[in-house]
Structures are given as structure tokens and as C-alpha cells.
Amino acid sequence: MAVGLGMAALPALRAQPPAQAPQGQKNLKIGISTLAWNVSPNSIDNFEMALKDTSELGYWSFETVSAMIEALDKDGTLARLIEKYKVPMKAGYIDVDVTDPSVRKENVGKVIRIAKLVKKHGGNYVVISVNGRRRPGAAGRGPGPQGPDTFNFKEHKTDMVAALNDYGMAAADLGLGAGLHQHTGTAIETRDEVYAIMEAVNTKVMAFAPDVGQLQKGGADAAQVVKDFAKITSHTHLKDYSNGKYMGGYCPLGMGVVDIESILNTLEQAGLNPDVMHELDRGNAPMSARDTAIFSKAYLTQLGYKFRS
């Protein structure tokens, strides 16, 4: 299992100790994304298990995707489960298109629709993830080997910046924060693309909401990127990366190459108290979602972070 996670030996399955003893008060209250539980709008079972585990393990809040929010809001299930497990929803994750101006108005409507539901259920943030680099139906789209990357970033940059500003303004008008969530395989993937966009958007309405594991997988030094944009990082997916054969190469916190400790220290020192959501892709995981959350909690506890009792 350790080898599959990208580790050299079984002892690595323990959360690795921090480089130093925890120093100073830890202000960040770390929540979790429901992704690891393979949530689906077609069944509430996995989603309920995600909230149950989140609550029992003491994570402070949760984030889930727009499809879940819409599906479970209709009959009151979302409100019922939040009340049952006493764990608040912090944010909603929204996929939008930033390269096709003809669908921007429709996507603004989507952001408004989801943002209203997030606010209704006590959340205060929308995570903005953008469309893929390859056209729908292109070879290599989705899981498995990827086809040639012919995406012309410079050609689309102006449209992407304008779209992100519109989506951010739509959320801001409802009193919610919004941030760009870069991701491998999307129109904003590499280090240079992230910098080009974040240095051009209106950061008053579109902040930075990185996935640090995705940054590392995309070839960037995730800790350095977070340092460079700490003043506008208002939401973070805390994910580790080991380049193993499970979970898309990701792993529980402290078991990979992402400098999680440095990233958290940077966020603490910036003083913005951003939302931090531990996230882990599920895929062909060799352990349960709950177990991955337990391993990650152990590492965070070693760093000095507290969880709900």
C-alpha cells in the first residue's frame, strides 16, 4: 500500500512528524471536502457518510460540489443532514466556462444560483473551477492518458480574466467570497498560467483558492506559489501528492512531497484566516475515506491544529 501511495516503506503510512515542534497559536480551523467519499447526486448515502465522518472526526466544516448542493436542497435533505450532524457547510464548488464568451451569461446565472444556495445553508464562499484545456470529446479527455495539449493560453487569456471578474462580481453582489481554483487538465493549470491570471484579475472579487496538491502535480512549487499570493489566498484545498498509483497520485497529508507545514505557516502568518479544506481524490483508494481523513487529522494534530471535540 505504501509503495502504491508513492512511499518507500510501510512505516510511511504514519503521518510524518513536523520538521519542528509546533510554534505559536494555530488560528486556522480546518474543514474537509466531501470528494473522498465519492459523493453523487443520485444517492445520499455517501454524502451522509461524509458528514457523519466529518462530524465524528472533528473537522470544523465541509465543502461540496454544486451538483450535490442543488440535488439535496430540493427536498430539504441538505438542511436535514447539516442539522443532524452539526457540521456547517463553508463553501460550494462550481465548474464554469471561462474560454467561451457565448456561455458567460449562462455561467453567471449558475454562479448566482449556487451562491444563493450556499448562503442559504450558512456558507460564505464559492470555489471557481474552470473548464478543460481540451475540447469536449477530444482524445485523452477525462481519466487515463491525455492527448496532445494544444491549448493556446495567450489566445484565451483576455476572455478568462473577463469571465472570472464577472463570476466574482456575481458572488460578491450576494455577499460571498470567490476564488480561482486552478487544476491540472484545465485552462489554468501551470505555474505561469496561474501567475498570469492572478496578476490580471480583479482580486477584490476574485481571490485565489488554490489546490496545493494540484499545483504540485502540475509542476509548481506549491508552497512558493502560496507565499507569493498569500495576501489574496482566501480559500485552500489542502492536498498532498506522492505520484503513486492510487487516488490520482495524491495521498493523505504528510505522506507526500507537498510542504504542507510551510503552506499552513504562510497562511497563518498572512493573518487572513482563510478557509482551509482538506481534500483527497478517491479513485482507486486502498483505504476508506474515513481512514484517509484520520491519517490527515493525525498529521495536522502533530502540527498543533485542534479539532472539534
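Which backbone nitrogen lies 3.0 Å from a polar atom of the side chain of Asp-211? In this predicted model, the nitrogen belongs to Gly-213.

**Asp-211 and its surroundings**

Asp-211 is found in the loop between strand S6 and helix H7. Its relative accessibility is 0%, so Asp-211 counts as buried. Leaving aside neighbours within four places in sequence, Asp-211 is in contact with His-181, Gln-182, His-237, Lys-239 and Glu-279.

**The sheet**

Eight strands make up an open sheet. Their order is S6-S5-S4-S3-S2-S1-S10-S7, and the pairing is parallel. S6 and S7 (235–238) stand at the edges. Each has a single partner strand, so one side of each is left without a neighbour in the sheet. Elsewhere, S4 (residues 125–130) and S5 run parallel and are joined by five bridges. Val-126 has Ala-178 in S5 as its bridge partner. Helix H2 (residues 66–73) packs on the sheet, where H2 touches S2 and S3 (89–96). The direction of H2 makes about 90 degrees with that of S2.

**Helix H6**

H6 spans residues 191–198 and is mostly covered. Six of its eight residues are buried. These are Glu-193, Val-194, Tyr-195, Ala-196, Ile-197 and Met-198.

**Aromatic rings**

Five aromatic pairs turn up in a search of the whole structure. One of them is Tyr-59 with Phe-307. The ring centres are 5.1 Å apart and the planes stand at 80 degrees, so this pair is edge-to-face. The pair links distant parts of the chain, 248 residues apart. Tyr-59 is in the loop between H1 (45–57) and S2 (62–65), while Phe-307 is in the segment after H10 (289–302). Both residues are buried.

Tyr-195, Phe-208 and Phe-229 form one aromatic cluster. Tyr-195 is also one of the buried residues of H6, and a charged end sits over its ring.

| Charged end | Ring | Distance from ring centre |
|---|---|---|
| Lys-29 | Trp-60 | 4.1 Å |
| Arg-191 | Tyr-195 | 4.0 Å |

Definitions and conventions. Residues numbered from 1 in each chain as written. Predicted model: local features only at pLDDT ≥ 70, side-chain atom pairs only at ≥ 80, totals over all residues. Heavy atoms only, no water. Buried < 20%, exposed > 50% of the residue type's maximum accessible area, 1.4 Å probe, protein only. Helix = DSSP H or I, 4+ residues; strand = E, 2+ residues; numbered from the N terminus. Phe/Tyr/Trp six-rings, centres within 6.5 Å; stacked < 30°, edge-to-face > 60°. Lys NZ or Arg CZ within 6 Å of the ring centre and 35° of its normal. Pairing = 2+ DSSP bridges. Contact = heavy atoms within 4.5 Å. Axes fitted to C-alpha atoms, helices over the stretch in contact; angles between N-to-C directions. Polar contact = N/O pair within 3.5 Å; in protein donor to acceptor, adjacent residues only side chain to side chain.
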